[in-house]
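Reader: I am new to reading protein models, and I would like to learn how to look at a sheet and the elements around it. Could we go through one example slowly?

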Amino acid sequence: MQVTPYNTDQSKKTQVEDMFDNIAPKYDLLNHVLSMKIDVLWRNNLVKWMKKDAPQLVLDVATGTGDLAITVQKGTKANVVGLDLSQQMLNVGVEKIKKINLSDKISMQKGDAENLAFEDNKFDAVSVAFGVRNFENLEKGLAELRRVVKENGSVYILEFSKVEGFLGPFYMFYFKNVLPKIGRLVSKDNRAYTYLPDSVNAFPFGEKMKQILLNTGFKNVEYKRQSFGIATIYKATK
């Protein structure tokens, strides 16, 4: 059964767009508070891995307010195209990018990850942070990411996974009980931060995610667990 933000008859894609439009003004604040800024470390780790490829043009899918796009640009000096379903998230990102004078290096545009308006083999690398979990059709979205990256180029995916071992129960308690309450209080969206743990619980990670990427046609997939498995970075090479 597919997990959706609002459990309505609308498509998951429409619900995800509405959710991010709703929480856009408070998204950055909540993101950093709820993760205690550890998400900054994860993005930096992704970019360190990507930097070895020396990309010149990068597509950042589900860019949101542009945090990963900015980290990619600063870390690799590449030109970056940020793409997202939510116009309200993009609006926040555009202002953020203007303030740090990177508008000539990072462009932001509205678009659908499962139907990318780019030709085959266009980008040196593709990145996605906390976005593939929100795809309506995971395999279709991953196939599109593979299509637009160049031969021997890589797609870098940062996504939540599950903490295993003795820390698991403590983390899940925070994730399912504390995080949604703070999210609701600050964002005023009753469902958005309940959807987060629900969607993570339903999403494949580790070896299962690696196999899905291989089945999508990538020839090599590696991954690195972050912070005891709270998140995982995948590198899938075309």
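Reader: Is strand S5 mostly covered or mostly open, and how many of its residues are buried?

Author: This is a predicted model, and a residue counts as buried here when its relative accessible area is under 20%. In S5, nine of the twelve residues are buried, so that by this cut-off the strand is mostly covered.

Reader: Which strands pair with S5, and in which sense do they run?

Author: Strands of a sheet pair through backbone hydrogen bonds, either parallel or antiparallel. In this structure S5 takes part in both kinds of pairing: six bridges join S4 to S5, and these two run parallel, whereas S5 and strand S7, residues 231-237, pair in the antiparallel sense over seven bridges. To find these pairings in the model, you can look for phenylalanine 123, whose bridge partner in S5 is valine 149, and then for leucine 158, which stands opposite isoleucine 233 in S7.

Reader: In what order do the strands of the whole sheet follow each other?

Author: Seven strands form an open sheet with mixed pairing, and their order is S3-S2-S1-S4-S5-S7-S6. Strand S3 (106-110) and strand S6 (220-226) stand at the edges, and because each has a single partner strand, one side of each is left without a neighbour in the sheet. Neighbouring strands of this sheet are turned by 15° against each other on average, with direction ignored.

Reader: How many bridges join S2 to S3?

Author: Five bridges join strand S2, residues 79-84, to S3, and the two strands run parallel.

Reader: How does the radius of gyration of the chain agree with that of a compact globule?

Author: A compact globule with 238 residues would have a radius of gyration near 18 Å, and the chain has 17 Å, which agrees. Along its principal axes the C-alpha trace spans about 45 × 40 × 35 Å, and 54% of the residues of the chain count as buried. Among the contacts with a separation of 6 or more, 71% are accounted for by residues 24 or more positions apart.

Technical notes
Residues are numbered from 1 along each chain as its sequence is written. This is a predicted model: local features need pLDDT of at least 70, side-chain atom pairs count only at pLDDT 80 or more; totals for chains, interfaces and linings use all residues. Side-chain values use heavy atoms; hydrogens and water are left out. Two strands pair if DSSP finds at least two bridges between them. Helices (H or I, at least four residues) and strands (E, at least two) are DSSP runs, numbered from the N terminus. Axes are lines fitted to C-alpha atoms, for helices over the stretch in contact, and angles run from 0 to 180 degrees between N-to-C directions. The radius of gyration is taken over C-alpha atoms; the globule rule is 2.2 Å times the number of residues to the power 0.38. Buried means under 20% relative accessible area, exposed over 50%, partly exposed in between (1.4 Å probe, protein chains only). Contact means heavy atoms within 4.5 Å.
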